[in-house]
Amino acid sequence: LGEAFEAAVKNPDEINVIDWKPYGPSAGALASFLSTGIWANGTLIGVFCTQMPPESKPIDAAEVDAATAAAAAAMTTASKFYRDGSGTCSPKLADSVWELSLEKVGHLSYQFHKAQTEFALLASGHSQAWMDSAASALEAHRGYIATEAA
């Protein structure tokens, strides 16, 4: 989180991506952050940082390559059996492994869509408009607290 904050202060006009690494407050679990500057009337007034959910961590290219090779081999075998009119399949993966692989593939499109949506909101300024509104509400609340405290 500290790196995300520092990156946003250094490059407030960009969406800064802090790559996956162990994060102490999450008991050392891998974490990634996005951050950008918050502007009001041309002045940097803060930063917006968000931690990416664990399910948004991309899978390694090696995992994709291995799955692709296995899928291609299975499809080739199935196509041959279809053309030949017969054949015997001998699955090499346990049901749980197949289920886990299918789950990962399903999450991939959701994660990609979610990342695109968040990027579009940040890049279009809609997130900035929301943050400006939230900053204004916070200032109004501070005024209320100061009045009540007096």
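Modeller: Helices and strands are taken here as DSSP runs, numbered from the N terminus, where a helix is a run of H or I with at least four residues and a strand is a run of E with at least two. Read along the sequence in these terms, the protein follows the pattern α-β-β-β-α-α-α, which amounts to four helices and three strands. Before going further, please keep in mind that this is a predicted model, in which local features need pLDDT of at least 70 and side-chain atom pairs count only at pLDDT 80 or more, while totals for chains, interfaces and linings use all residues. Residues are numbered from 1 along each chain as its sequence is written, and side-chain values use heavy atoms, with hydrogens and water left out.

Two strands are said to pair if DSSP finds at least two bridges between them. Strand S1 covers residues 16–23, and six bridges join S1 to S2 in an antiparallel arrangement. Within this pairing, Pro22 stands opposite Leu30 in S2. The hairpin of S1 and S2 has five residues between the strands, and in this hairpin Ala27 takes a positive phi near 60°.

Strand S2, residues 29–40, also pairs with S3 in the antiparallel sense, over eight bridges. Here Ala40 has Thr43 in S3 as its bridge partner. Two residues lie between the strands in the hairpin of S2 and S3, where Asn41 has a positive phi near 55°.

We can now look closely at Asn16, which is found in strand S1. Residues are called buried under 20% relative accessible area, exposed over 50%, and partly exposed in between, using a 1.4 Å probe and protein chains only. Asn16 counts as buried because its relative accessibility is 8%. In the protein as a whole, 17% of the 150 residues count as buried. Taking contact to mean heavy atoms within 4.5 Å, and not counting residues up to four places away in sequence, Asn16 touches Ala7, Ala8, Asn11, Phe33, Leu34, Ser35 and Thr36. One of these, Thr36, is 20 residues from Asn16 along the chain, yet their C-alpha atoms are separated by 6.2 Å.

The side chain of Asn16 also makes polar contacts, meaning pairs of N or O atoms within 3.5 Å; within protein, one atom must be able to donate a hydrogen and the other to accept it, and residues adjacent in sequence count only if both atoms are side-chain atoms. This side chain reaches the backbone oxygen of Asn11 at 3.3 Å and the backbone oxygen of Glu14 at 3.4 Å.

Strand S3, residues 43–51, contains Leu44. With a relative accessible area of 31%, Leu44 is partly exposed. Patches are made of residues with over 30% relative accessible area and no salt bridge, with like charges joined within 9 Å and nonpolar side chains (Val, Leu, Ile, Met, Phe, Trp, Tyr) joined within 5 Å. Accessible areas come from the Shrake-Rupley method with a 1.4 Å probe, and for residues only the protein chains shown count as cover. Leu44 forms a nonpolar surface patch with Phe5 and Val9, and together the three have about 240 Å² of accessible area.

Conventions: A salt bridge is a side-chain nitrogen of Lys or Arg within 4 Å of a carboxyl oxygen of Asp or Glu.
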